[in-house]
Number of protein chains: 2
Amino acid sequence: MTASARYGVPLDLGVSTDVLELQLARRSVREFTDRPVSDAELAALVAAAQSAATSSNLQPWSVVAVRDPGRKARLAELAGAQEFVARAPLFLVWVADLSRARRLAEAAGTPLDAADYLETTLIGFVDTALAAQNAVVAAQSLGLGSVFVGAVRNHPAEIAAELSLPPHAVAAFGLAVGEPDPAEAADVKPRLPQAAVLHHEQYDAAAADEHIPVYDERLAAYFRRFGGAGTWSSRVLARLRGPESMAGRHTLRETLAQLGLPSR
Amino acid sequence: MTASARYGVPLDLGVSTDVLELQLARRSVREFTDRPVSDAELAALVAAAQSAATSSNLQPWSVVAVRDPGRKARLAELAGAQEFVARAPLFLVWVADLSRARRLAEAAGTPLDAADYLETTLIGFVDTALAAQNAVVAAQSLGLGSVFVGAVRNHPAEIAAELSLPPHAVAAFGLAVGEPDPAEAADVKPRLPQAAVLHHEQYDAAAADEHIPVYDERLAAYFRRFGGAGTWSSRVLARLRGPESMAGRHTLRETLAQLGLPSR
């Protein structure tokens, strides 16, 4: 039962579908075989992505499919020197894209002032995420694995230049896609117990947080299996400690504004 | 072939899986039968949500499951007076939640200064969206329909009070869930042609935007079927015209900061 791996503890959800089993079994894939991702598969991922909901049908995103080895290598370097980005047969850069609407407004000679506000920038990122998650699930159904790469936000201006992004379009995250190498040492990562994240009617922080210590132990055991250390709590605290733990992304607000996604 | 409905034009993607067909067939469901959503189904939706990727395993989200009629009615009113929120058997409020990490840091006596930056607020919203989209797909596989409700951001402070959200936790969006009423007059909404959103190697705005006029015609025909008017372009321009078209959300940046999700 895949729910048990997802929570790191024996668990039967009581309902089951093939889709659910597929979703529960998702893991981050960073090692790929040489099999290319075909144009038909790419079209299927994008069709799935476009089938996700989007606020007011704005469709404020685009995706750049990168297969060129040189470009993948440069993107890998810009995204935290993560070599698997270059080794993936396909690297999708998901773009929060208000530029399409900006161009329409410019052609029509009408204002588009709502695009200056944080709300609209958030819609751009949220709708891009909804779309990309659908692509992840579609990829899995085609036998493809993937991993998100948030580190494209380490150097958004350089990424935009590499991809010739127009003003008002910013790489939200990357997604490395390919056939999983069965030799990769990786597994489904256990998540927080449901009772830590699911509330009924109203939020109950004390009841939810009671489940963190047991999860800390569970995840520490998972990390040890792969030679790592720490608990969930210790890693969260290290990751969010301060600007020095953000790989340059503490300047994101200014950079987004420079690239045309302001947050008024 | 469901891809044809998705694009409003005959189309064969060349690859197909059951999962893909399910995704392509998604539509927004706003009319529901009386069948309740069981606790087992709810647990399955949350397990699917937790199976989505999350940046550095931060898991910066929570979800509040609302079934109480009075609370649903109050949330419906706060979310743009959209009555289907009250009529849905289950209303899930997806919460961008940095409060768990803030509480850990407070207990440990360590700083959590990265949580002050826009980057971290964006991670909160993006990871919440990845999770929620997985829930949407899982729901579909269980025969349940859904629709996102971004209007919970019209009055974030009032929503937070209704749900007893702690500081540093904000409703990102709602999701009304239930068995679709087969009598609802609604259909799969056609999206932009793939060539308008998918770029190869580098972004090509001129080539992409060539596909907008035909989509405008296609969507105008779709709107007419349901008694509506306008083109895609005209609706995008109206929606993003200015702060007056944002249903109060032009103040979101200040409100988020007051609720503890700043965007430094």
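Tutor: Let's start with a term: a salt bridge is a side-chain nitrogen of Lys or Arg within 4 Å of a carboxyl oxygen of Asp or Glu. Keep in mind that this is a predicted model, where local features need pLDDT of at least 70, side-chain atom pairs count only at pLDDT 80 or more, and totals for chains, interfaces and linings use all residues. Residues are numbered from 1 along each chain as its sequence is written, chains are lettered from A and ligands numbered from 1 in the order in which they are written, and side-chain values use heavy atoms, with hydrogens and water left out.

Student: How many salt bridges are there between domain 1 and domain 2 of chain A?

Tutor: Chain A splits into domain 1 (1-27) and domain 2 (31-182), with bounds from an automatic or database domain assignment. Their C-alpha centres lie 28 Å apart. The salt-bridge count between domain 1 of chain A and domain 2 of chain A is zero.

Student: Which three residues supply 83% of the area that domain 1 of chain A buries against domain 2 of chain A?

Tutor: Buried area is the accessible area (1.4 Å probe) that two parts lose on being put together, summed over both. Between these two domains of chain A that comes to about 450 Å², with 57% from carbon and sulfur atoms. The trio that supplies more of domain 1's share than any other three residues is A:L22, A:R26 and A:R27.

Student: Now the chains: how many residues of chain A are in contact with chain B?

Tutor: Contact means heavy atoms within 4.5 Å. The area buried between chain A and chain B is about 10,200 Å², and carbon and sulfur atoms give 62% of that. On chain B's side, 114 residues take part, and on chain A's side the number is 114.

Student: Which residue of chain A forms a salt bridge with B:E201?

Tutor: Between chain A and chain B the count is eight salt bridges. In the one with B:E201, the closest N and O atoms are 2.9 Å apart, and the partner is A:R71.

Student: Which residue of chain B does A:L198 stand opposite?

Tutor: Strands here are DSSP E runs of at least two residues, numbered from the N terminus, and two of them pair if DSSP finds at least two bridges between them. Strand β5 (residues 198-200) of chain A and strand β1 (residues 61-66) of chain B run parallel, joined by three bridges. Within β1(B), the residue opposite A:L198 is B:V63.

Notes: Helices (H or I, at least four residues) and strands (E, at least two) are DSSP runs, numbered from the N terminus.
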